[in-house]
Amino acid sequence: MNERSIRVLEYEKIIKMLANSAQSEIGRKKCMNLKPINTVLEVERLQEQTEEGQRLIIRSGSPPLYGLYDLVEELGFAVKGGVLHPQALLRIADSLRGVRALKKYLDLKEEDESFGNISSMISGLYMNQGIEDRIGRAIVSEEEIADDASPELRTIRISLRRKNDDIKTKLNGIINSKSAQTVLQEPIITIRGGRYVVPVRSEYRSRFAGVVHDQSGSGATVFIEPMSVVQLNNEIRVLESREQEEITRILRELTGYVAEHHDALVANQEILSELDFIFARGRLALEMQGTRPILNEEGRIHLKKAKHPLLNVAVKVPIDIRLGEEFTTLVITGPNTGGKTVTLKTVGLLTLMALSGLHIPAETGSQIAIFDDIYSDIGDEQSIEQSLSTFSSHMTNIVSILELMQPNSLVLLDELGAGTDPTEGAALAMAILEKLRRWRIRTIATTHYSQLKLYALSTEGVQNASVEFDVDTLSPTYRLLIGVPGKSNAFEISRRLGLEESLIGEAKELLSRENIEFEDVLTSIERDRRVIEEKSAQIRLLEDELAKRKEKLDREIEKNRNLRSDAIEESKRSAQKILEEARAYAQDIIKEVNRAKTGRDNVDNRELHRLSDSLREKLKDYETQDPFSKGVKTKTSVEDLKLGDEVELVALGQRGQVVELPDAKGNLILQIGILKVNSNVNQIRLVESQVKEKSKGSIKNIYKEKSKQQIEREIDLRGQNIEEAIRELDKFIDDASLMGLEELRIIHGKGTGVLREGVRKYLKKHRQIGKMRFGEFSEGGDGVTVATLK
C-alpha cells in the first residue's frame, strides 16, 4: 500500500491502539507489523479470526494468555549445550502452563459455537506437564533452587545448616565471654568474604588470635575470623562449593530435558503469539464497537453509520456513504469544517482497517472493496524547503498518483484544484476527475467549486454529495447527503451575521444570472429534501408503531393458539377416558348376558330388558359427559344403511347389525349380540369387508341363528400383518364368547416372532381372556397359543 496514504490516513495510530490491546511483547510485535493486504482469501481469513476472537471474549472474557515470552534465543542456547538460568526455565514452565489453561478455556466454549481457526490453533499447541512439574519442583524462584531438587542437594544443605549452627554457637560463646568484652567493638557476628568474623578494636588485634579479613573505613575496627572456627568455615566453603556444583548439574539436566522438545516449544511460542494477535484484534473490535465488513472485488463501498475511529466520541457523527455501483466518482461540496475531510479519511482509514483484518466501526452489512492500492491527497503539505506553494504541493502529489494508479485503486482528493485561480483550478479539477472516471477509478473528491457541481450533475458515473449545514445555528451537522450538491450559503450566513441587506443585494447583482439560478435551484432542492426527510421520519415512526402492534398481536394469537391447543388436548384425554369406561361397561354387560343365558335355551326377557335399558342409560350418560358435546362423529349417511348392515358403535367399540333404519333425525336401533341399542348415524360406521346380512328380527331368532353356525375353536392368522390379525382375532373372540366357548386355539406360526409377540401382547390385555399358554408339542408348540375365556 502507498506509504503516504498510510501516513496521511493515520493508520499507525490504529496499529498503536491494536498493540496496546495485546497481552505480551511478542503479540505487540505482531500487531506493530500488521499491514493492509489485497488478497481476498487472506483478508477473509484474518476477518474470520478477528470475529472468532471477538465472540470468545464476549462469551467468557479475555483468554488466559499468560506465559508469552520470546524464548527462541534461550531454547537455541539449550540446544547448543548451554545451561539455562532458573529464570528462563521458569518462563518455559509458565508458557506450558498457559497452554493447558488455553485448552481448558476453549473446551468450555465448544458446546454451542464453532471457532474453527482458534480451535485448530489451540489444538496444535504442545502440552508437557512433565516439564512443568520437574521445573516447578526444582526451582522456587529466579534466585532459589528447592532443597528437594535432588537428594544430594538436600543432604548438602542439611550439612550446611548444621555447620552454620555449629559455628554460630562457637562465635556466640566467644563474643559473650568476659575476656572479649574489652576486645570487641560490638558483640555481633558478621560475614566477610563468605566467612564468619567478629569486629575487633584495632588496638587489640594482636591480642585476638585469628585471621584478619577486613577493616572498617576509619581503621578503628578489624574483622577477624577466630582460629577456633577457621576449620568450620573451611568446611562450610567446601559444602557451598558442592552445593553450587549440584545446582549446576540440576540446571543442566533440566536444560537437556527442555532441549529435547525444542521444536515443539518454538512452535508453541509462534502459535501463542498469533493467538495474542487475534484476541488483540477482537478486543479492539469490541472497543470500537466494530463489525465484520462484507468484502468484494468489484470496487463497491457501502458504509452504514460509519464513524471515524480516532475522533472523540462526543463529536462522532455516523455517515452513510456508497461508491462503485451507480457511480464511480463522488464529488463532495459544503462549507469549511463541515466534515468533508473527515468523510475522506473515514472511507480511507476504514478500508485500510478492513484490508488488515480489523473490524470497522460501522453497522453490520457494510461493504468494503479489496483495492490494489489507496492513494490520497489530503491536507496542506506545503514544503518550505522545496519552495513549493500549497497548489504546487498538491499538484506534485496528484501527478504521482496519476502515474502510479492501477484500475483497481481508490483515490481520495481533498480540495481538488484549490490554491490557484478558481477558473483554472476548476478546469484542472474537472480534467483530472474525467481521467479518473474514464479509467473507472473509485474516486472521492472534495471541492468548493460550483463548476464541479455542474460537472457531477451532467456526467454519467459521477454523483454529487454535500455535508449538511444548519443556517439557523450557523454550524455544520456533519451529515453526508448523497445526490444533493452543496450550497455555499455565503449570502445567508452574511445576512445572519448582520451584513447590510444593500451590500448583499449589490453582491447578488455582480453574480451571473446562471449562478443565481443555480443557487436558487439548490435552495429549492434543499427545501424539498428537508420536507421529504420529515415525512420519512413520520413514516418510520408509524412503521415502528405498526410493527410493535403487529408483534403484540402475534404474541396474543400465539398465546390463544397455545391455550386452545391445551384445551383440545385435555378434551381428547377426557374423551379417551370416557370411551375406555364405556367399552369396559359394555364388556361387563355382555358378560352378564352370557351368564344369564348359561344353561338355558331362552333368556329371561325382564333381565334382558333391564340390561338393555342399563346400557342405553349409560350410553346417554357418556354422551352428556363427552367434552365434544355430541360424542364421536362419523360420516355415515342415512342412504348408506340397509337393514342387516354390520356397523360399529364407535363410542363403545362394539359391532352390531341395523335392525331399524334411521328416522328423520338419524336415530336408529342396533342389535349388538342379544341386546337392542338406540343410536344415531353420527355414532356408527359401516364395517368394511364384512358380509352384510339381513336381520332375522327377534332376539331368540338371532341367538338360534348364531347357534346354527359352526364356530371353530381355532383361528389361523398366519400370513397376516399385526393389524389384520388383531382385527380377525377380536371378532373371533367376540363370537366365541357369545357362543360360550371356553378354550380357543390361535395359530400364529413361529416365523420371525413378530406376529406371535403381537398376538400374545394383545391377548394379555384383552378383558375376555383369562389364561393363555403355548401349545403342547402335539398342538403345534410355540406356533400356537391356547387361550381360556373368562
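A crossing of two helices is left-handed if the near helix is turned anticlockwise from the far one by less than a right angle. Keep that in mind for the first stop. The model on screen is predicted.

**Stop 1: helices 8 and 10**

Select residues 129-138, which form helix 8, and residues 227-259, which form helix 10. Helix 8 and helix 10 pack at an angle of about 165°, and their axes are 11 Å apart. Angles over 145 degrees count as roughly antiparallel, and helix 8 and helix 10 are therefore roughly antiparallel to each other. Their crossing is left-handed. To see the contact, show the side chains: on helix 8, G130, I131, R134, I135 and A138 meet I250, E253, L254, Y257 and V258 of helix 10.

**Stop 2: helix 6 against helix 8**

The crossing of helix 6 and helix 8 is left-handed. Helix 6 makes this contact through L89, L90, I92, A93, L96, R97 and R100, while helix 8 contributes Q129, I131, E132 and I135.

**Stop 3**

Now select the four strands of the open sheet, which are ordered 3-4-6-5 and pair in antiparallel fashion. Which strands stand at the edges? They are strand 3 (190-192) and strand 5 (210-215); each has a single partner strand, so one side of each is left without a neighbour in the sheet. From one strand to the next, the twist averages 50°.

Move to strand 4 (residues 195-201) and strand 6 (residues 221-226), which run antiparallel and are joined by four bridges. Pick V200 and look for its bridge partner in strand 6: this is V222.

**Stop 4: helices on the sheet**

Then bring back helix 10, which lies across strand 4, strand 5 and strand 6 and runs at about 75° to strand 6.

**Stop 5: helix 3**

Finish with helix 3, residues 25-32, where I26, G27 and C31 are buried. Looking down the axis of helix 3, you find its buried residues within an arc of 145°, so they line one face of the helix. What do these buried residues pack against? Select helix 2 (11-21) and helix 11 (262-288) to see their partners.

Definitions and conventions: Residues numbered from 1 in each chain as written. Predicted model: local features only at pLDDT ≥ 70, side-chain atom pairs only at ≥ 80, totals over all residues. Heavy atoms only, no water. Buried < 20%, exposed > 50% of the residue type's maximum accessible area, 1.4 Å probe, protein only. Helix = DSSP H or I, 4+ residues; strand = E, 2+ residues; numbered from the N terminus. Arc of directions from axis to C-beta. Contact = heavy atoms within 4.5 Å. Pairing = 2+ DSSP bridges. Axes fitted to C-alpha atoms, helices over the stretch in contact; angles between N-to-C directions. Parallel < 35°, antiparallel > 145°, perpendicular 65-115°, else oblique.
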